[in-house]
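Dear colleague,

Please find below the structure that I am handing over to you, with its sequence. My notes on what was found in it follow directly after.

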Amino acid sequence: MPPVTLTVNEKQRTTEVESRTLLVELLRDHLDLTGTHVGCDTSQCGACTVLVDGRSVKSCTILAVDVAGSEVTTIEGIAGPGELHPMQAAFKEHHGLQCGFCTPGMVMGALDLAARSADPSEAEVREWLEGNLCRCTGYHNIVLAVQEGARAMGGAS
Amino acid sequence: MSDTGIGAAVRRKEDARFLTGRGRYTDDIDRPGQLYAHLVRSPHAHARVAGLDATEAERAPGVVAVLTGAQMAEDGVGSLPCGWLIHNRDGSPMAEPPHPPLAAETVRHVGDAVAVVVAETRTQAKEAAGLVEVDYEDLPAAASIHAAVADGAPLVHDDVGGNVCFDWEIGDEAATEEAFSRADHVVTLDLVNQRLIPNAIEPRVAIGEYDPSSDMTTLYTSSQNPHLIRLLLGAFVMGLPEHKLRVVSPDVGGGFGSKIFHYAEEVVVVWAARRLGRPVKWTATRSESFQTDAHGRDHVSHAELALAADGTFLGLRVDTKANLGAYLSTFGSVVPTYLHGTLFAGCYRTPAIHGRVQAVFTHTVPVDAYRGAGRPEAAFLVERLVDKAATELGMSPVEIRRKNFIDTFPYATPVALEYDSGDYHATLDMALELADYEGFEDRREEARSRGRRRGIGISTFVEACGIAPSSVAGALGARAGLYESGQIRVHPTGSVTVYTGTHSHGQGHETTFAQLVSDHLGVDIDQVEVVHGDSEKSSFGMGTYGSRSLAVGGNAIYKAMEKVVDKGRKIAAHMMEASPDDVEFEKGVFRVVGTDKETSLGDVAMTAYVPHDYPEDLEPGLDETAFYDPANFTFPAGAHVVEVEVDPETGRVELVQVTCADDVGTVVNPMIVDGQMHGGLAQGIGQALFERAVYDESGQLVTGSYMNYTMPRAADLPSFTLGRHTTECTHNPLGVKGVGEVGSIGVPPAVINAVVDALSDLGVTHLDMPATPERVWKTIHAAQA
């Protein structure tokens, strides 16, 4: 089994994985970062979305060995202990989550959008979230949260 | 109103952990020494299991055991029970064929499991499952209602003739016949309420564990009702006493009904863990979710409405065939009957109603409650029929509804319910105003100038929630009581832990229930912890479904708080040297009436736990439990107005505006209530426009993944306009009614009424859901032909 070295949430990690191990399996099963969720087996739901070198990626579609040397950011890594990132705070303020299962993927996907667009329109947000399924919220409050989170970030990541 | 009490939009306490990735869902739990299970599932809809050879699988790397349905039967593991007994029209009980957790002789749907492979890793279990050789003798399948009731149809269960599980009726058939005999006009409608797949985003997970030193069995399961699972698994399936069986449902990623039921995999992991002496974990893939989570809806109905010439409703007749799937799921029998037929009156004074429901077995996944459960089917039927009647009589859809609205309460319907409160005119008025109904014809004309057909649709509906008064449920065949428990533990320093038998899987109980405590006991909301989801912590409970958590569970908590106040009053009276009768309590303070003497709940709690100077006849401590059994169902109601534009060239329906005015009783947290509305609306719109489970004739599930089952995505939906008109529930102390299912019940008929309205001058009078571009285009062309 090849060892893979990558940076996860600003810490360098080296782990032995099978060549077929998915990034989401590396995160959940090897690094115990269970905030990244698995909701499907066809790369349709987006619950497993993380940032790889700043871009949102479905971690079920990428092999762990393919991200060797990359910087991976998960939901656990975007705010300090006891703090909320402005995007997380916007989700709380606008009730953009209910059961919480799709939420990490939604937030990570939203961070990528916010880095590209500091003041996204409702249509832009809805289009951007095409790859993330939520069964609880009807997306209404997620859209409001992403818009406000992006504005609060002011183009920062 | 305090800023954290009833009526306040308190931001949710549970959000911090969910937003930071620290939620703890069942798949996030790993137990020491844990093994992994992978089920061997039938690829056939109907087959005899002629043989099973696990030799090669047992030799595969990491495999600990391959266990089969035959071994399970030898171990005396029982059948998965049905929780509700329905009686036929002739008084005889429904057919109850067995539902073995692992099939030993016959498989009855694609995904029915015959064996389980248990291995050291998830991958090893999965790979070895592919080595189990099952000799299936393929048999003909009946994969739809139509196929199952046809002459000579293959039988799903050998001893259930014609595949009919029961033939049930409600209402007065003779009175309804009489009403039709004097009708000036009869409107008829044949409709399909299509099969849906619930699709909570968290797939189901179960972990079984056995500790020989304590003889304790533990099941971790992604369930909406851990106590009910303990009851069914312990008493009916495994024969384990409840004090030796613990069921834990931690954070659960959505349920929508599909996680109410007792599933085979819960039995399999517990049975395997006890046999093997190590914890066993099973996590569904999404493909397994599609093939094993109970599906929803799947009714075919013929309905007739008898009217007087002026549009007054005289009688309603409904004949429904409901698909149960291959086996009776936990509540599969009550959904098309007492959760469906009892809602045929809707919001209207229809004096005579008769409904008949035949439930049929098919070679498909079992069908059970899915958000709304029977009530969306009833609302769709009634609201489509009412709209069709308006068209045929040349009345407006508003006028015909107003003419027939129930407007005095309480109101006893001809189908067994007594509505306690509501104001159907007020919610309709509000919805029409918010939707600018009056200005619609201008918008229709404007759209036509762009080549679009614009339509507007109304639905006014009522639902029965707060399931349920135990005596009523029992009389109708329920095999459990449907009360709820609530416990208030006031700690010595005045903080509070609330224990509830309901379960929160997105509904925000940890916040809403803390608001009840903050409001009534005056305790800072940060000093209140709500505990749920563990049979060892909460004394008992019936879980969360049927919009019952606040209406039943919340009132149990209120009752427990009343007990706390009663006891606290005696302690405070002793502390202040007054008579308990002279002590009043408000927002955390006990006060001697007419004086400035007062003491806080915190001081009373400390005294209760340090009772050095204490009333002689009183027990120490301040910890009270109450059970609340509702006196009646609750009856949320509302009016939904949907505006659509249809492109007649492509058949594509665009939702322009979705407007709702709802009456859900007292609102504790308006932010959470709106969120529940949004989610219900999305699922209702999903049914109306996108979602449909499709089996082919051989019983293969064609829509078995997100690649081909259309889930509503963000860009498919608009933002929603919500209004609220409150009439309080008259029979529970909080005045609450419930909100979880409103959107999925109210909005589908409004969407379809809008699409039909848009296409009415093209000759379209009805179309079934989902109104996909293909179906709309074909309907237009059929009407034009």
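A residue is called buried here if 20 or more other C-beta atoms lie within 10 Å of its own, with C-beta atoms placed from the backbone. By that criterion, helix 7 of chain B is mostly covered, as 11 of its 13 residues are buried. Please bear in mind throughout that this is a predicted model.

Helix 7 of chain B

This helix spans residues 226–238 of chain B. Its buried residues include Pro226(B), His227(B), Arg230(B), Gly234(B) and Met238(B). The buried residues of helix 7 pack against strand 10 (216–221), strand 11 (245–248) and helix 8 (264–276) of chain B. The end C-alpha atoms of helix 7 are only 16 Å apart, whereas a straight helix would reach 18 Å at 1.5 Å a residue. Just after helix 7 of chain B comes Gly239(B), which takes a positive phi of about 65 degrees.

Domains of chain B

Chain B is divided into three parts: domain 1 (15–19 + 483–628), domain 2 (31–139 + 202–253 + 259–292) and domain 3 (296–467 + 632–784). Taken over C-alpha atoms, the centres of domain 2 and domain 3 of chain B are separated by 36 Å. Their contact takes 22 residues from domain 2 and 24 residues from domain 3 of chain B. On the side of domain 2 that touches domain 3, nine residues are nonpolar, nine polar and four charged.

The contact between the chains

Chain A gives 43 residues to the contact with chain B, and chain B gives 42. On the side of chain A that touches chain B, helix 2 (86–93), helix 3 (103–116), helix 4 (122–128) and helix 5 (140–153) of chain A each supply at least two residues. Helix 2 of chain A gives the most, with four residues. By class, this side of chain A has 19 nonpolar, 15 polar and nine charged residues.

The sheet of chain A

Chain A holds an open sheet of five strands in the order 2-1-5-3-4, with mixed pairing. Strand 2 (11–16) and strand 4 (55–58) of chain A each have a single partner strand, so one side of each is left without a neighbour in the sheet. From one strand to the next, the twist averages 40 degrees. Strand 3 (residues 49–52) and strand 4 of chain A run antiparallel and are joined by four bridges; Val52(A) stands opposite Arg55(A) in strand 4. Helix 3 of chain A lies across strand 3 and strand 4 of chain A, at about 35 degrees to strand 3.

With kind regards

Terms used. Residues numbered from 1 in each chain as written. Chains lettered and ligands numbered in written order. Predicted model: local features only at pLDDT ≥ 70, side-chain atom pairs only at ≥ 80, totals over all residues. Domains from an automatic or database assignment. Contact = placed C-beta atoms within 7 Å. Nonpolar A, V, L, I, M, F, W, Y, C, P; charged D, E, K, R; others polar. Pairing = 2+ DSSP bridges. Axes fitted to C-alpha atoms, helices over the stretch in contact; angles between N-to-C directions. Expected span 1.5 Å × (residues − 1). Buried ≥ 20, exposed ≤ 12 C-beta atoms within 10 Å, placed from the backbone.
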